[in-house]
Amino acid sequence: MPAQPFHGTLAIRQAVAADLPVLAELNGQLLADEGHPARLTYEQLLARHRGWLDSGDWRQEILELDGRVVGYVAHAPEPEGAAIHVRQFCIDRAWRGVGLGRAGFALFLRERVPPGTRVTLDVLESNPVGQAFWQALGFRSFFRRLEIVAGQD
């Protein structure tokens, strides 16, 4: 872990089509680092983010440090409208450990989430580092989702 916190101006902006390659790259890092069972190719990740961008259902926000992309947030309102669900939050591996995760999520909350709005997210059981990160930000368990894949032993 780097000894020094980041320096510079952190900003958040809505993703555009030109951001799709970096979104796909960062999503690949996220899937690998959290131990997600999905093994998606770069092209599949690119299509995923293009679909989200085109759908209008999911918003993707780019986090920039002095104009350089360092992470992103993908989120959408929950169906009942009383909460925002964060589907993905990722800081580029090269920028981890300097406080950008905490600062980036605080910026997201301040600039994109109305006061009093519940924010929900899912964290894989295979990702204890992610669980610790979110708990350090004040998130608490609300329910536990279990799954089974039918037909697999």
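Q: Why is Asp19 called buried?

A: In this predicted model, Asp19 has a relative accessible area of 7%. Buried means under 20%, so Asp19 counts as buried. Asp19 lies in the loop between β1 (10-14) and α1.

Q: What does Asp19 touch, not counting residues up to four places away in sequence?

A: With those sequence neighbours left out, Asp19 touches Arg13, Gln14 and Ile62. Contact here means heavy atoms within 4.5 Å.

Q: What makes Pro37 exposed?

A: The relative accessibility of Pro37 is 63%. The cut-off for exposed is over 50%, so Pro37 counts as exposed. Pro37 is placed in the loop between α1 and α2. The C-alpha atoms of Pro37 and Ser126 are 9.5 Å apart in space, while the two residues are 89 apart in sequence.

Q: How do the axes of helix α1 and helix α2 lie relative to each other?

A: The axes of α1 (residues 20-34) and α2 (residues 42-55) come within 8 Å and cross at roughly 115°. The crossing of α1 past α2 is right-handed.

Q: Which residues of α1 and α2 meet?

A: From α1 the contact takes in Leu20, Pro21, Leu23, Ala24, Glu25, Asn27, Gly28 and Leu31. On the α2 side are Tyr42, Leu45, Leu46, Arg48, His49, Arg50 and Leu53. The residues of this contact divide into nine nonpolar, three polar and three charged.

Q: What makes Asp33 and Arg93 a salt bridge?

A: The closest N and O atoms of Asp33 and Arg93 are 2.7 Å apart. The rule asks for a side-chain nitrogen of Lys or Arg within 4 Å of a carboxyl oxygen of Asp or Glu, so the pair qualifies as a salt bridge. The pair links distant parts of the chain, 60 residues apart: Asp33 is in helix α1, and Arg93 is in the loop between β4 (83-91) and α3 (100-112). Side chains of opposite charge can pair when their charged atoms come close.

Q: Why are Asp33 and Arg93 called partly exposed?

A: Asp33 has 34% relative accessibility, and Arg93 has a relative accessible area of 43%. Partly exposed covers the range between buried, under 20%, and exposed, over 50%. Asp33 therefore counts as partly exposed, and so does Arg93.

Q: How do you know that Arg145 and Asp122 meet in a salt bridge?

A: Their N to O distance is 3.3 Å, and the limit is 4 Å. Arg145 is exposed, with a relative accessible area of 60%, whereas Asp122 is partly exposed at 42%.

Q: What makes Arg144 and Glu125 a salt bridge, and where do they lie?

A: The side chains of Arg144 and Glu125 meet at 3.4 Å, N to O, and the cut-off is 4 Å. Arg144 is in the segment after α4 and Glu125 in the loop between β5 and α4, so this pair ties together parts that are 19 residues apart in sequence. Arg144 counts as exposed at 61% relative accessibility. Glu125 counts as exposed at 56%.

Q: Which residues do salt bridges with shared partners join into one network?

A: The network consists of Arg59, Glu61, Glu111 and Arg112.

Q: How many salt bridges does the rule give?

A: The count comes to nine salt bridges.

Key. Residues are numbered from 1 along each chain as its sequence is written. This is a predicted model: local features need pLDDT of at least 70, side-chain atom pairs count only at pLDDT 80 or more; totals for chains, interfaces and linings use all residues. Side-chain values use heavy atoms; hydrogens and water are left out. Axes are lines fitted to C-alpha atoms, for helices over the stretch in contact, and angles run from 0 to 180 degrees between N-to-C directions. Helices (H or I, at least four residues) and strands (E, at least two) are DSSP runs, numbered from the N terminus. A crossing is left-handed if the near helix is turned anticlockwise from the far one by less than a right angle, and right-handed if clockwise. Ala, Val, Leu, Ile, Met, Phe, Trp, Tyr, Cys and Pro count as nonpolar, Asp, Glu, Lys and Arg as charged, and the others, Gly among them, as polar. Buried means under 20% relative accessible area, exposed over 50%, partly exposed in between (1.4 Å probe, protein chains only).
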